[in-house]
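Please read it alongside the sequence and the model.

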Amino acid sequence: MHLPLFHLYGEPSDPRAFNFVHAETIPARCSLHDWRIGVHRHANLFQILLIELGGGEIQYETSIRAFSAPAVIVVPPTMAHGFRFQSSTGGWVLSFTEDVTRTIGDPAGDTMALLKTLTSAPVVSVPESRDMARLCDLCTSLSEERLLSRAGFRVAVNSYLALIAIDVMRLLTTRHLPATHSTDVVVEKLLSLIEGNFRHQRVLNFYASKLAMTPDGLNKHVKRMTGLTAGQLIRQRLLTEAKRQLAFSSQPISEIAYDLAYADPSHFVRSFRKETGITPLAFREETTRSI
């Protein structure tokens, strides 16, 4: 499957990265790649892009959306994404590991929980130019602190990150998004377990036992916190992987079925059609035409 996993774009993945905050202008990296960033993922980096000038297209998973300045784009960890920027595009890319967010004065995780709701719609228009100017000024200050590395720079960097995250969160509140719950320890642990085991473990008992809970208790808790059952989260992750392999690889459908531990290809086809309404082959053909 050709879906690269990077730290920063073009750099080897670093699963041990922690307390990492990085800011760079969009032209700094994109101009080196003819303003095209191929579809890729980050294992543990959260990214916020500030589009101050210009525009382009973002591909997130198998969807494509145009964007134009001023706008903010939020890319959660593990989401497949790529860009085609206009050469006139200006702005910033802010990248950080999620552990940093525990130090930004939001112990309940409300800000990051809201930012994560953008997985299915990552582009946020910025109605006021002064809001974008403020965000870019904060990124400039954050970048200067990193480069100069003066006494106390880590505290300063994290403080600027907090202000940026909060400003973006406030922009989201104008979109009338549904209420979200604070980050929940059980849900976070479940998602981590699913990420490491979804290919071969679909049975709820496996995840419940790892979390020292009953299957019924786990389902009720996850449903209360996310609106979905634990079983739905497992199927959702499996479906995302199936779509990625269909869209970004030339693997035969039979190989994808076995790679995802289905009993046989026909079982995979039935399950995929039940979840999406179309067959894997039809999905591949539609996606190939659109991306």
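**Strand pairing, burial and contacts**

Ala71 has Ser125 as its bridge partner in E10. That pair belongs to an antiparallel pairing of E7 with strand E10 (residues 123-125), which counts 3 bridges. The model is predicted.

**Strand E7**

- Ala71, Ile73 and Val75 point one way from the strand. Val72 and Val74 point the other way, and these are buried too.
- In a regular strand, side chains alternate between the two faces of the sheet.
- E7 also pairs with E4, in the antiparallel sense, through 5 bridges.
- Within E7, Ile73 is the residue opposite Leu49.

**Strand E9**

- How many residues of strand E9 (residues 90-97) are buried? The count is 8 of 8, so the strand is mostly covered.
- One side of E9 carries Gly90, Trp92, Leu94 and Phe96.
- Strand E4 (residues 45-53) runs antiparallel to E9, and 8 bridges join the two.
- Ile48 has Leu94 as its bridge partner in E9.
- Strand E2 (residues 21-25) is also antiparallel to E9, with 5 bridges between them.
- Thr25 is bridged to Trp92 of E9.

- Helix H3 (residues 129-148) contains Ser143.
- Is Ser143 buried or exposed? Its relative accessible area is 10%. The cut-off for buried is under 20%, so Ser143 counts as buried.
- Leaving out residues up to four places away in sequence, Ser143 touches Ala23 and Trp92.

**The open sheet**

- An open sheet holds 5 strands in the order E1-E3-E8-E5-E6. Its pairing is mixed.
- Strands E1 (5-6) and E6 (63-68) are at the edges. Each has a single partner strand, so one side of each lacks a neighbour in the sheet.
- E1 and strand E3 (residues 36-42) run parallel and are joined by 2 bridges.
- Opposite Leu5 stands Arg41 of E3.
- E3 and E8 run antiparallel, with 3 bridges joining them.
- Strand E5 (residues 55-60) is antiparallel to E8 as well, over 5 bridges.
- Arg84 in E8 is the bridge partner of Arg36. Arg84 is also the bridge partner of Glu57.
- Why is strand E8 (residues 81-85) described as largely enclosed? Of its 5 residues, 4 are buried, so the rest of the structure largely encloses the strand.

**Helix H8 against helix H10**

- Two packed helices are described by the angle between their axes and the distance between the axes.
- The axes of helix H8 (residues 230-248) and helix H10 (residues 265-276) come within 11 Å. They cross at roughly 105 degrees.
- Angles of 65 to 115 degrees count as roughly perpendicular, so H8 and H10 are roughly perpendicular to each other.
- On the H8 side, the contact uses Arg235, Leu239, Ala242, Lys243 and Leu246. On the H10 side, it uses Phe268, Phe272, Glu275 and Thr276.
- By class, the contact has 5 nonpolar, 1 polar and 3 charged residues.

**Cysteines**

- How many disulfides does the model have? The count is 0.
- The sulfur of Cys136 has its closest cysteine sulfur in Cys139, 6.7 Å away. A disulfide needs sulfur atoms within 2.5 Å, so this pair is too far apart for a bond.
- Cys139 is likewise in no disulfide, with the sulfur of Cys136 as its nearest cysteine sulfur.
- Cys136 is buried at 4% relative accessible area.
- Cys139 is buried as well, at 1% relative accessibility.

How values were computed:
Residues are numbered from 1 along each chain as its sequence is written. This is a predicted model: local features need pLDDT of at least 70, side-chain atom pairs count only at pLDDT 80 or more; totals for chains, interfaces and linings use all residues. Side-chain values use heavy atoms; hydrogens and water are left out. Two strands pair if DSSP finds at least two bridges between them. Axes are lines fitted to C-alpha atoms, for helices over the stretch in contact, and angles run from 0 to 180 degrees between N-to-C directions. Angles under 35 degrees count as roughly parallel, over 145 as roughly antiparallel, 65 to 115 as roughly perpendicular and the rest as oblique. Contact means heavy atoms within 4.5 Å. Ala, Val, Leu, Ile, Met, Phe, Trp, Tyr, Cys and Pro count as nonpolar, Asp, Glu, Lys and Arg as charged, and the others, Gly among them, as polar. Buried means under 20% relative accessible area, exposed over 50%, partly exposed in between (1.4 Å probe, protein chains only).
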